[in-house]
Each structure stands twice: as C-alpha cells, then as structure tokens.
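Here are my notes on the model you sent. Please read them with the structure open.

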Amino acid sequence: MFAHEFMRNALIAGSFVGLACGLVGYFVVVRAQVFAGDALSHVAFTGALAAAVFGLNILAGLFAATILGGIVMGILGDKARADDVTIGSLFAWTLGLGVLFLTIFTTQDSAGNGTAGVRVLFGSIFGLSSADVRTAVVLAVLASAVVLAIARPLLFASLDAAVAAAQGVPVRALGLGFLALLGLVAAQATQAVGALLLLGLLAAPAGAAHRLTVNPYRGLGLSAFFSVGSIWIGLTLSYVFPTLPPSSMIISAAVGSYVLALGVSWCLRHWVGPGRPDRFRRHRSPPARGRGARASEGCAPRASSQSPH
C-alpha cells in the first residue's frame, strides 16, 4: 500500500487533516455548535460552485466561503456563539445560493468544472497532488497550533461565558476566532471526505472522546486519536476493497469509534461505576467508629436503646 504515491499522499494529508478535525471538533461538541459545522459543509459546497461558475480557483472559493461563513455566524450570533436561528438562516440562504449556482453550473459546457464539483461533494483524497499535500499539512498544523494555544481560555469561555468575561477573557473575540478556525478546518476536511460527509469527521471522534473522559486535555488527545485513526482505517479499507469509496469508509470508521465508545462508557457505568449491579459490589462491614458504633447492616440486629453497648 505504501508503494503507491497516491496512497502516501492520502495518508500524509489525511493524518494532518484528521488531527485538526479532532482538536477543533472537540470544542465544537463542547460549545454545542455541531449544527454550525453542518451549515459550513453546505457553505463549502456553495463556495466551490460559485468559484467554478465565475471561473475562479475552486479551492480558493471553498476556503473563502467557509471562513467567511464562520465569521458571519459569529457576528450575527449572541456573544459570537451562533444560535440555531442564525445558523438555520445561513443554512437556508447558502442552500438557495447553491441551487442557483448549481443550475448555472450544469448549463455550462465544462467537463472539468463538473469533475471538480463532484470532488467537492464527495472528496478526492486519492487525487491529491504533492502541492495539495503540502498545503494541507501547513494549514492543518497552523489550525492545530492555534487550537492548542487558545484551548484553556476557549474552554473557560465555552463552559461559562459570563464568568470568563468577568475574569477578563475576550469571549467574543475567542468565539469569532474559533468559528473562523472551524471554517478553515471544514474547508480542509472537504478535500478528504467531501462536503456531504464533513460533519461526521468533526463530530463523531469528538463525541467518542466526550463519552470516555471528562478531562478536557485527555479528551482532546482522544478526539485527535480517533479522527486520525478513522482516516487510516478508512483509507486502508478503501485500498483493500477498491469498490468502496474512501470518504464513506473514513466516516464509517469515525461513526464506529463513537459507537464503540458508547458501548464502553455504558459498560463502565453499569458494571464498574456506582450503578453496577449488587452482585458485583463487595459486602463488607464498615469500620467501627468507637464504643457506640452500630453493628454492620445485615450482620447483627440493632442494639436497643437501653443496651450498655
């Protein structure tokens, strides 16, 4: 598998894109902005179609649309946290524009543009060139570094914005910056899994991490691990079974990690945690607390009030 250049390019670019998606996706789940990620996937498609219609670089239109879309959602939302009404309005508007550009797009006699549009919808990770790989690596490293740099104040602002603002944390600036960063990562992930499946790579690994730990830094690591692992598993399956599209296999692996984490967390909660069945609990007497300590429950009857003991 590693002897093929297209596989090496896909694995290298996919690993860094998965890293960025895992880190950003963790905060997407914390901030309850999964719907925003879904909206940006449609913004990505509309931006790519608009660039194709006007004869511009499709990748440039893709990045410009998603980053601008994230900033617009932050500006229109309360405290730079886009609410459902804002996201839904932008969602509907971009879908309307997408239909318009798609109509113009399909009437043009351009097979090259048609192929590019399909790649935006379903991803083209096996068709990445060396230049595309370098761009993906640089942007993914930049996005990951920014997320890690702002992780602590962003977590504070995500959990309690009012207290964070009172402590001097720039809540609004962090919110706008994070949505712009989400747009950048969404555009990057579109090359790997396509606009239609983008949300799965952002939400599923992060959701799996949230199911397994409440520690934010451990959760960031697990989310990145699941996301990168989904890329590798999906690409390997697609290589072994050439009829399976890589984007579908990547998302299937990501969703599988969430289902697995869901099962593990359920088992830990019911069989190891406080809610485990009684037959797995240790029946032992509590330690004595002095002369007047009560006898262990179920081992001896309670002494009467007149008993000298």
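**Notes on helix packing and aromatic pairs**

1. Start with Thr190, which sits in helix α9. This is a predicted model, so please read every value below as computed from it. Thr190 is buried, at a relative accessible area of 2%. That figure falls under the 20% cut-off for buried. What lies 2.7 Å from a polar atom of the Thr190 side chain? The backbone oxygen of Ala186 does.

2. Next, the packing of α9 on α1. Helix α1 covers residues 5–30, and helix α9 covers residues 171–193. Their axes are 10 Å apart, and the two helices pack at an angle of about 140 degrees. The crossing of α1 and α9 is left-handed.

3. Which residues make this contact? From α1 come Val17, Ala20, Cys21, Val24, Phe27 and Val28. From α9 come Phe178, Leu181, Leu182, Val185, Gln188 and Ala189. The contact of α1 with α9 counts 11 nonpolar residues, one polar and no charged.

4. Now the aromatic rings. How many aromatic pairs does a search of the whole structure find? The search finds six. One of them joins Phe2 and Trp232. Their ring centres are 6.2 Å apart, with 45 degrees between the planes, and the pair is tilted. Phe2 belongs to the segment before α1, while Trp232 belongs to helix α11 (residues 216–240), so the pair ties together parts 230 residues apart in sequence.

5. A second pair joins Phe27 and Phe178. Why is it called edge-to-face? The planes of the two rings stand at 70 degrees, with the centres 6.4 Å apart, so the pair is edge-to-face. The cut-off for that label is over 60 degrees. Phe27 lies in helix α1 and Phe178 in helix α9, so this pair links parts of the chain 151 residues apart.

6. Together with Tyr26, they form one aromatic cluster.

Conventions
Residues are numbered from 1 along each chain as its sequence is written. This is a predicted model: local features need pLDDT of at least 70, side-chain atom pairs count only at pLDDT 80 or more; totals for chains, interfaces and linings use all residues. Side-chain values use heavy atoms; hydrogens and water are left out. Axes are lines fitted to C-alpha atoms, for helices over the stretch in contact, and angles run from 0 to 180 degrees between N-to-C directions. Helices (H or I, at least four residues) and strands (E, at least two) are DSSP runs, numbered from the N terminus. A crossing is left-handed if the near helix is turned anticlockwise from the far one by less than a right angle, and right-handed if clockwise. Contact means heavy atoms within 4.5 Å. Ala, Val, Leu, Ile, Met, Phe, Trp, Tyr, Cys and Pro count as nonpolar, Asp, Glu, Lys and Arg as charged, and the others, Gly among them, as polar. Buried means under 20% relative accessible area, exposed over 50%, partly exposed in between (1.4 Å probe, protein chains only). A polar contact is a pair of N or O atoms within 3.5 Å; within protein, one must be able to donate a hydrogen and the other to accept it, and residues adjacent in sequence count only if both atoms are side-chain atoms. Rings of Phe, Tyr and Trp (its six-membered ring) pair if their centres lie within 6.5 Å; planes under 30 degrees apart count as stacked, over 60 as edge-to-face and the rest as tilted.
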